Amino acid sequence: MSAALELAGLRTVLDTPEGELRAVDGVDLEIAKGECFALVGESGCGKSMTALSILRLLPDVGRIAGGSVRLGGLDLLALPEAAMRAVRGKRAAMIFQEPGTALNPVLTVGRQVAEVIERHTSLRGPAVRRRTLELLRSVGVPEAERRMGEYAFQLSGGQRQRVMIAAALAVDPEVLIADEPTTALDVTIQAQILDLLAKLQAERGMALLLITHDLGIVARMADRVAVMYAGEIVEVAPREQFFRAPQHPYSQKLFAALPGAAQRDGSLAQIPGQVPPLTTEFGGCRFTERCDFAFERCAREVPQLRTLEPGHRVRCHLRETERAAPRAASRAAPAAAAAAGARRLLDVKDLKVHFPIRRGVFRRTVGYVKAVDGVSLAVAEGRTLALVGESGSGKTTVGKAILQLIRPSAGSVRYQGEELTRLGRAGLQRYRAAMQIVFQDPYASLNPRMRVADILAEGMRSLGVGRDDAERARRIGVLLDQVGLPASATSRYPHEFSGGQRQRIAIARALAVEPKLIVCDEPTSALDVSVQAQILNLLKSLQERLGLAYLFITHNLAVVEYLAHEVAVMNEGRIVEQGPAGEVLRAPRHPYTRTLLAAVPKVD
Amino acid sequence: MLGYILRRTLYAIPILVGINLLTFALFFLVNTPDDMARLQLGVKRVTPEAIAKWKAERGYDRPLLWNAPAAGTKKFTDTIFFDKSVKLFALDFGRAEDNRDIFNEIRTRMGPSLALAVPVFLVGLMVNITFALGMAFFRATYLDLWGVVLCVAMMSISSLFYIIGGQYLISKLWHLVPISGYEGGVDAAKFLVLPVLIGVIGAFGSSTRFYRTLFLEEMGKDYVRTARAKGLAESVVMFRHVLKNALIPILTGVVVVIPTLFLGSLITESFFGIPGLGSYTIDAIQAQDFAVVRSMVFIGSVLYIVGLLLTDISYTLVDPRVRLA
Amino acid sequence: MPVVLATDFLVWLLVLAVASFAWYSRRRAHLAAPWARVFRSRTAVASAVVLACYILVGLLDSLHYRPALPARDAGAPVAYSVEARSLLDLGLAPLRERFEKTYSAPLATRLFQREQVELPDGRTARDFPRLRHGGAHLEAEADWGKDVVLRALAGLAAAFALWSVVLICARRALVRRWPNVPWGAAAAALGAILALAGPAAMLADGFHVLGTNQVGQDVLYQALKSIRTSLVIGTVTTLVLLPLGIMAGIAAGYFRGWVDDVIQYLYTTLNSIPGVLLIAAFVLMLQVFLDNHGDWFPTTAQRADMRLLGLCAILGLTSWTGLARLLRGEALKLSELEYIQAAHAFGVSHARILARHILPNVAHIVIITLVLDFSGLVLAEAVLSYVGVGVDPSTTSFGTMINAARLEMAREPMVWWSLAAAFVFMFALVLAANLFADAVRDGFDPRVRV
């Protein structure tokens, strides 16, 4: 097995106001021809910087501080920039996470594929056109002839990523680097793109460096896996070995934090603390402070990447003496108990939200976008209803329409039998406290100009919860404790908190007015898996303690399996299937549900 | 797309009406015609008769909005509002203090104004884009740094000094071109070289710096990284990818001023004695010739609205996202 | 007797507002942190020192009083002059009072024009007469060179001494408190200013440092008096611009619908009229109005001041549209954000959402726009005054200085000093403002493009 790509001691630093940030700190890896090598890690671990360093495409503040990158024996770091350009696109190509922004908006997609061919081959004119067409067809762009003359904004997300792949593979590179190629895509599109990548890789025998945070994708695609943590590789192993018995405590935690049916009855494993800032000088293991097994040597001595068995290497002092046991196989999930006798809180009947399409000189309404088109659902006290769907299915609009943040066009929303759709701003005030919402983006959901105490007090003041400021202040203390934040948080601003902590503040804000129902709109999809586990655990324990009901809007089926009692699957503004979580997920009846379930990459 | 343009055109109508009402209010309601007469006539000659005569000569002796004693439609048409404001829509501007027809004057003065403004616009645009592109290309080097310093320094100098300084240096010290004056035809060139040069230099600093930030902003986008990942040379990345995107805001941003080029440039024209609309306006302001100022306000607004319309159209032409959406 | 001109009142109101805003910002990280970033830049600190000197002059010139006339007999009520003077006038009394006949070059001892002079032997001849004040203390004109050099050196020495004292005091008071600020740049800027001001002050005692103008007024005095006009135009205008721009912009972006339509219509209409023409029309009307109500103003200073104030109001009325458009866009974006949605879910009132959520989150745009607008307004004043629709001809400003000096362009040899003085004073002010504005923009938000 000869190496197509070889990294040795690669170090990349970024110059930040806080000092030199060692984003990549001594990475060694080898990828063979025809191999799919997955680089896994949570955000900020340095996996993308590793990829950019290979092609020397770092942002202006970044530079490679040491090590070597060899592409089929050619030392890339020693090449002058002009020679490096001859390598980029020809021998090693790259595709990026956001196909929407990675394509030039004012050039046709055909042009953007063709320019690679023109740059690296002697083909010109019609020959380039023929080759472009051929490439677009081979990556499965439908009606390639017509699409060639179109612009990126006219294509769907999946098609854009196909175009990116076509451009990357235009001149048969030896190595393809795919940086989170499907993260921005829906799960069904993700499956198609992954299949395409696997097929093309097999056909062409190229090496694929796949960078991802999703262990499911790794299980589906990779031959070998490397886990990155805080700028270092902590474990490298063949896929089977890695999934059977991960050896590094961090790798193990990543598995344990994955939600799923198996964990329904208990809480998910979570990793305490945060990734240490990469501006610090490390004198020991970087994972020490978050590790359950840390002992005195860990803080004192930097562990080396040691070979356990051929191909399996781990950076951990523990593994000098013992091996970790294989992962427990996941158990069959117990069926969710039926919602026996629970009181109905929320009743939604035939909800419709239509947005007018206006055209012509006088902006007449010529039609409607039926974002939500006849949705009926019910949520019972203390239960969780998961509303599942892909982007554009209308699930978020349902959530906002229930809270009357968007006024429904038709249908009824009843809270404990009381019709909400006909109430005015003042009339709704009485129900505001009963129903609250937690949003997806922890950065946009807190006003950066308000202190945590003011954020938490705002709803209480507006809805008259708590008699006076002193009582509210006491309540804020209780809330912070409930969501696991220190009392000192009150006087701080949101930017001083991490994503997970912000989401805790957002949950506390919703809890402040003592709601019965919380609409959770993708509350964990912007978070890393270990942080997601913390938030899911929190939501679950709050439900048990306070008897909350959740309408949990998500695209993540694993989260549904872990948390939901009932599921409603949404597609194109309608609910296509609804029922107890266990039933729907294990024996789906509707074809769409089946496609959705089949598309999810699974770890086991 | 056609519907869009039509809609924008219709939208221009209420704006024009608004401008008309605003200017009417400004010129006739804030101060009465009597006030204007007093100012024009000077303190010594103010008698009720003189004021009445002054008003009668200019048609200011009628009621403002509604002529009750008049018959039929005259109730409306025989008023200051109709005569001085509504007629502007028909390009009937009336007469200036020197009794010349304003419309004729504007027509003859448009030529020299354009002869100055168009070269300033085109040369300036090219020079500014070229320099901005160069600075963006050599970003974060000393060339870029000193380029920005130069731009900021040039921005900080009043346009008056460019004109005075340029006039002094080139004409007086070096005797290269005439200081001021104008002739039609080919001879115009020798009178225009200096004002054009000064016009370009005067706007160089702020425009170039603005374009540079546009280029830099564009260069930070993801598609630029993609283009580099394809192995394209930096010049190709710059010209094929960045320039094309950055030109959209630049071009659509300048389109709005194209119609207003007709108005000429106020200061430059009056300094160099070019008989264009700019100097006409200045003279009118200094002579307090209200009729001319009112006409120029109206024409300027119409041209600006045309510019807005052209901007909308140019967006649909250069930006595929707007054209095809 | 103290006199408070309308613009004086507004200037001091602004000072108060800025001071209280600074006090308010001190404890709020989102406002204090950007300012800390601004003052980490060398150019910002240096230009802030330059601006501070200008502001000091401007403020001294904004405290007016009417001097008591010498009492004719004891016991009679004190009569006050009709002329309003400022503290600056008091300090610069020698400059203000020493009139020459007409032009004289900087540091000259003789007039710029030949006149009939009587020679010691009784005959008359055409010659350049000695100045009444410039160099009058010199017994022999041959000593001129020596005297100038000595005065300049003495000025430098005094400046250096003062600089050292300030530095020693500042080290104690400032450097320890804010160690991250590049005080070196501040010291350098202050040093440069003192090195110019010291010799100028020494020389001004015996000469006209920057010459005199057509009516024999000291050009240095005029330049210093122009500073207040520029500052007033650059700052008081914001008092009109700010409320209009903020209210219109935020309301349009937040409420949308017909509110947005009306506000957009308003500012498109206002924007459609070419700026200079609209201002010209306004000012012409203002002038008619002031001329016809001359009896409202007891002193010419008050009338000129009213015109200055009117000009500020007009500039504000015509330039709020830019800020409004920026804020509208930002408010549109913000009102979609999840924390605003959360506030709606709590039933928080519109007024409270605007005040607590929208306004604080657009504050940086307001600050950036204000600082960026300043230099534009200062430059605009010069052009408008040149065109004749700026400040009152009796108000000293850079525009009126340039306008007056321009007439002498054709003179051979040229009368260059008025222009040069206006150029240098204006350039330093606008450059400092521009550099400071750049730093403010970078400090508050590197992405906002204004």
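Predicted model: local features only at pLDDT ≥ 70, side-chain atom pairs only at ≥ 80, totals over all residues.
I next asked where the chain A side comes from. Helices α3 (99-102), α4 (109-120) and α7 (157-168) of chain A each supply at least two residues of the side that touches chain B. The largest share is from α4(A), with six residues. I sorted the residues of this side by type and got 15 nonpolar, seven polar and eight charged.

**Entry 2, extent.** I looked up the contacts and found 30 residues of chain A touching 26 residues of chain B. The two chains bury about 2500 Å² between them. Of that area, 61% is on carbon and sulfur atoms.

**Entry 3, salt bridges.** I then turned to charge pairs and found three salt bridges between chain A and chain B. I checked Asp60(A) and Arg139(B), which form a salt bridge. Their closest N and O atoms are 3.7 Å apart, inside the 4 Å cut-off for a salt bridge.

Which residues make the nonpolar surface patch of about 570 Å²? I noted Trp12(C) and Val15(C), together with the leucines Leu56(C), Leu60(C), Leu63(C), Leu87(C) and Leu90(C). Going by secondary structure, I found that α1 (6-26), α3 (42-60) and α4 (87-91) of chain C each give the patch at least two residues. I placed Leu90(C) in helix α4 of chain C.

Methods:
Residues numbered from 1 in each chain as written. Chains lettered and ligands numbered in written order. Heavy atoms only, no water. Contact = heavy atoms within 4.5 Å. Buried area = accessible area lost by both parts, 1.4 Å probe. Salt bridge = Lys/Arg side-chain N within 4 Å of Asp/Glu carboxyl O. Helix = DSSP H or I, 4+ residues; strand = E, 2+ residues; numbered from the N terminus. Nonpolar A, V, L, I, M, F, W, Y, C, P; charged D, E, K, R; others polar. Patch = residues over 30% accessible without salt bridge, like charges linked within 9 Å, V, L, I, M, F, W, Y side chains within 5 Å. Areas by Shrake-Rupley, 256 points an atom, 1.4 Å probe, with all protein chains shown as cover.
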